[in-house]
Amino acid sequence: MSRDRGPRRPRRLDRSALIAVSVTALSMTASGCVVVHGEREVLPATTKAEAAKALEQFTDAYNAADKAYDSSLDAAHVTGALGAIDAARLKAGKTTSPGGNTTHTPLKLSDVTYTIPKKAGWPRWFVADAAGNKGGTARWLLVFTRNGLDEPFQVAYLTLVAEGKVPEFKKDADGWAEAVPANSTDLAAAPEGLSKDYAGYLKDGGDAFADGSHTSGWRADRAKDATRPGLATQYIDEPLTNDAYAPLALRTADGGALVFFATHHYVKQTAHVGTTIPSPGEAALALTKGEIKQSLTMEFVSNEVALDPAKAAGGGKVTVLGRIQGLTAAEGS
């Protein structure tokens, strides 16, 4: 089963300073005043100073929302996959702890590198690569995006990647990175098709993806869960590519690309007669509609980051470097 759509209500969370060269630039020529439109002109997505400010604003808002378990406090700073995951997490937290997060520890990001692509059209976006005080030694990769000058930058993707695994990016003489078109044909897999490819791989396997904890390892874990005594488990995986869930890709120094993309997953557990569904936990119950009698269907949104090799280099398999998944809804019956 493969349908390309976003999460069901109520999680449609696509909510909706300037770059070094204004998106509407004026240049005087012998023939008069020429208007250069940002929709067509290749320009940096932002400045490093503005990127740093966007990261600071996101971190402050994220910490405030986490402390209060209040999604309204960071809604203007998240979108796409992270927006869906974050809103559901905060909703569950508010239900189980109405007074706020008693174990809140502020997120602190340091040693930040900003990779800013130079491109035409919207969305404009950039990647922040940082060390965090959570997640051990893993690097935090945050993708900030916006669709217009009157909109703030929002984090659409957040993944953790093992230290030393973030690739070197291709940059021009001025230090600007290169955004890879979603329909690029010079990679092992077009970025626009990775979500569908990944959903298909989880269902049927194949050789498009390299072995790892987020590919062959995840399939093995699912196979093990599906054979638990007294419990039948079914999986449905869907591509997720619309609007703020669209994939974004950066050219790497070796000619490949680092691709950020999202997927949508359902897990249905059905207890055999005479047995019961294992408790999904307090946070999951807070997101569950209906009464869990013989079955529980859980809905997840996942965001991934993958290395997509260049065809010119001999091709190869796509390697999923990181994945963060969150429960967004559940229903018992």
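I took buried to mean under 20% relative accessible area. The model is predicted.

Entry on helix α2. I looked up its burial and found that 12 of its 17 residues are buried. They are Gly80, Ala81, Leu82, Gly83, Ala84, Ile85, Asp86, Ala87, Ala88, Leu90, Ala92 and Gly93. What covers the buried residues of α2 includes helix α1 (48-68) and strand β8 (154-161). I also checked the length of α2 (residues 80-96): at 1.5 Å a residue it should span 24 Å, and its end C-alpha atoms are 25 Å apart, which agrees.

Entry on aromatic pairs. I noted 10 of them in the structure. Phe58 and Tyr62 form a tilted pair, with 5.5 Å centre to centre and 35 degrees between the planes. Both lie in helix α1, 4 residues apart, about one turn of the helix. Phe58 and Tyr62 are both buried.

I then looked at Tyr157 and Phe260, which form a tilted pair at 6.2 Å centre to centre and 35 degrees between the planes. Tyr157 is in strand β8 and Phe260 in strand β12, so this pair ties together parts 103 residues apart in sequence. Tyr157 counts as buried because its relative accessibility is 1%. Phe260, at 0%, counts as buried too.

Entry on the cluster. I found Phe58 and Tyr62 again in one aromatic cluster, together with Tyr114, Phe126, Phe144 and Phe153.

Entry on charges over rings. The charged end of Arg124 sits over the ring of Trp122, 5.0 Å from its centre. For Arg222 the charged end sits over the ring of Trp218, 4.6 Å from its centre.

Terms used
Residues are numbered from 1 along each chain as its sequence is written. This is a predicted model: local features need pLDDT of at least 70, side-chain atom pairs count only at pLDDT 80 or more; totals for chains, interfaces and linings use all residues. Side-chain values use heavy atoms; hydrogens and water are left out. Helices (H or I, at least four residues) and strands (E, at least two) are DSSP runs, numbered from the N terminus. The expected span of a helix is 1.5 Å times one less than its number of residues. Buried means under 20% relative accessible area, exposed over 50%, partly exposed in between (1.4 Å probe, protein chains only). Contact means heavy atoms within 4.5 Å. Rings of Phe, Tyr and Trp (its six-membered ring) pair if their centres lie within 6.5 Å; planes under 30 degrees apart count as stacked, over 60 as edge-to-face and the rest as tilted. A charge sits over a ring if NZ of Lys or CZ of Arg is within 6 Å of the ring centre and within 35 degrees of the ring normal.
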